[in-house]
Amino acid sequence: MRLFLSTFFLQLAFLTAPHAQSIRISVFNSQEINYFTVNISEGRYVLRSNGETLGEYKKGIFYFSKQGNSIEVRDKRNLIGKFQEVELKPMEESGILKVNPVSPNLEGREYDGNLMVRMSGSRMKIINVLDLEKYVAAVIEAEGGNHAEPEFYKAQAVLIRTFTIKNLYKHAEEGFDLCDEVHCQAYLHRCTQNADILSATVSTAGKVLVDQDGVLIMSPFHSNCGGKTSASGMVWQKDLPYLKSVTDPFCSVGKQATWTASISREDWLKFLADYTKSPIDYSRYDFSFKPAQRARYISIHGIELNMRTVRETFGLKSAYFSIQDLDGKITFNGRGYGHGVGMCQEGAMEMARVNYSWLDIIHYYFKDVEVVDYREMELHRFKSGKE
Ligand SMILES: [Zn+2]
Ligand SMILES: [Zn+2]
């Protein structure tokens with residue numbers, strides 16, 4: 001009976017959760033697209049608008065163009081109609097579409113699942129509705145590349161899924177869940193069927209991370225921490241109990257372990273004048289320094305220098321660097337790539353390579369977190385995850 005009841009509630013949660021299994025992503029989100037074509041690469045599709053079927057298609061090309069305040073849809077021969085919202089939906093469980101923007105002319109991308117095109121103000125919005133796990137696989141590929149170990153992909157899958165579920169309402173007012181840019185998570189196209197990525201997604205299906213209060217965590221990651229990750233408070237507003245600074249001996253073999261960049265001393269002095277708003281002439285000071293560890297601020301000649309501001313001003317790979325002030329040049333010798341908070345991808349890749357499991361990796365970079373299945377969480381938790 002107990003088993004029956006819990007299964008029953010599980011199913012109920014599934015039926016009532018609006019996007020428990022599929023997710024709506026605004027694709028080509030940063031582009032204002034006025035004209036694009038869609039090819040059916042695989043599967044059979046129906047074209048629908050307002051609940052009405054306009055046609056069934058096996059192969060074919062469709063032309064979508066913005067005409068005034070509506071979307072004109074044509075196939076190879078005919079005008080199909082003008083719509084405010086129109087949808088291409090697979091007739092079987094799966095299907096693949098290729099979207100080719102013509103104006104502006106951009107490289108085409110393949111997507112799994114549905115495509116919804118709708119007018120939003122004066123813009124055409126292209127929204128890809130697809131299975132959440134297929135989305136997770138595609139984001140792993142975009143964010144984690146194609147050449148890592150299976151255990152790394154599993155850790156990455158859990159972080160990406162956690163972010164996805166926590167942020168399901170990020171773009172709700174615009175009529176979709178997430179965008180395809182780094183604002184949410186990079187989603188470039190459907191997963192190109194990397195077997196390790198796909199099986200990492202399947203074997204961790206539904207798994208997400210919660211903190212000690214059972215709340216979905218922030219699950220950031222970055223390319224390389226330079227040997228020490230940042231506590232969240234060092235980069236963002238808040239210190240979080242699960243995002244502490246950890247020493248990472250694994251990423252020193254990574255491609256992004258170190259970097260150098262130089263600017264002219266003139267540019268540096270200009271920056272300081274701007275930064276300090278002080279009349280002091282710093283031109284005779286020596287700005288060489290070596291940080292003992294990661295720090296949010298360093299104090300140099302009475303200046304409280306925000307490392308992140310320096311990073312952003314000069315487009316540096318990280319805020320973890322020393323400075324060499326020599327021969328009219330300021331040279332930054334830096335470590336790592338990215339904000340340094342959460343999982344260090346190159347460290348995690350190395351951990352996986354030397355046989356740590358995905359759970360070891362997660363617990364190394366995130367403290368006191370637990371793995372749960374989001375499908376068993378109460379619905380209001382999804383809402384409380386809104387940032
Ligand atoms: Zn976004
Ligand atoms: Zn690292």
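Colleague: Which residues of helix 2 are buried?
Modeller: This is a predicted model: local features need pLDDT of at least 70, side-chain atom pairs count only at pLDDT 80 or more, totals for chains, interfaces and linings use all residues, and side-chain values use heavy atoms, without hydrogens and water. Residues are numbered from 1 along each chain as its sequence is written, while chains are lettered from A and ligands numbered from 1 in the order in which they are written. Helices (H or I, at least four residues) and strands (E, at least two) are DSSP runs numbered from the N terminus, and buried means under 20% relative accessible area, exposed over 50% and partly exposed in between, with a 1.4 Å probe and protein chains only. In helix 2 the buried residues are Leu132, Glu133, Tyr135, Val136, Ala137, Ala138, Val139, Ile140, Glu141 and Gly144.

Colleague: Is helix 2 largely enclosed or largely open?
Modeller: The buried residues of helix 2 pack against several elements, including strand 1 (22-27), strand 12 (123-131) and helix 3. Because ten of its 13 residues are buried, helix 2 is largely enclosed.

Colleague: What end-to-end distance does helix 2 (residues 132-144) have?
Modeller: The expected span of a helix is 1.5 Å times one less than its number of residues. For the 13 residues of helix 2 that comes to 18 Å, and the distance between its end C-alpha atoms agrees, at 18 Å.

Colleague: Which backbone nitrogen does a side-chain oxygen of Asp131 reach at the start of helix 2?
Modeller: A polar contact is a pair of N or O atoms within 3.5 Å; within protein, one must be able to donate a hydrogen and the other to accept it, and residues adjacent in sequence count only if both atoms are side-chain atoms. The oxygen of Asp131 comes to within 3.1 Å of the backbone nitrogen of Glu133.

Colleague: Which side chain makes a polar contact with the side chain of Glu133?
Modeller: Glu133 has a relative accessible area of 18%, so it is buried. Its side chain reaches the backbone nitrogen of Gly206 at 3.1 Å. The side-chain to side-chain polar contact, at 2.8 Å, is with Arg161.

Colleague: Which residues does Asp211 touch beyond four places in sequence?
Modeller: Asp211 sits in the loop between strand 14 (207-210) and strand 15 (221-222), and counts as buried because its relative accessibility is 14%. Asp368 is 157 residues away in sequence, yet the two C-alpha atoms are 6.6 Å apart. With contact taken as heavy atoms within 4.5 Å, Asp211 touches Ile217, Tyr242 and Asp368.

Colleague: Which strands stand at the edges of the open sheet of seven strands?
Modeller: The sheet has mixed pairing and the order 4-3-8-11-12-1-13. Two strands pair if DSSP finds at least two bridges between them; strand 3 (residues 45-49) and strand 4 pair in the antiparallel sense over five bridges. Each edge strand has a single partner strand, so one side of it is left without a neighbour in the sheet; the edges are strand 4 (52-57) and strand 13.
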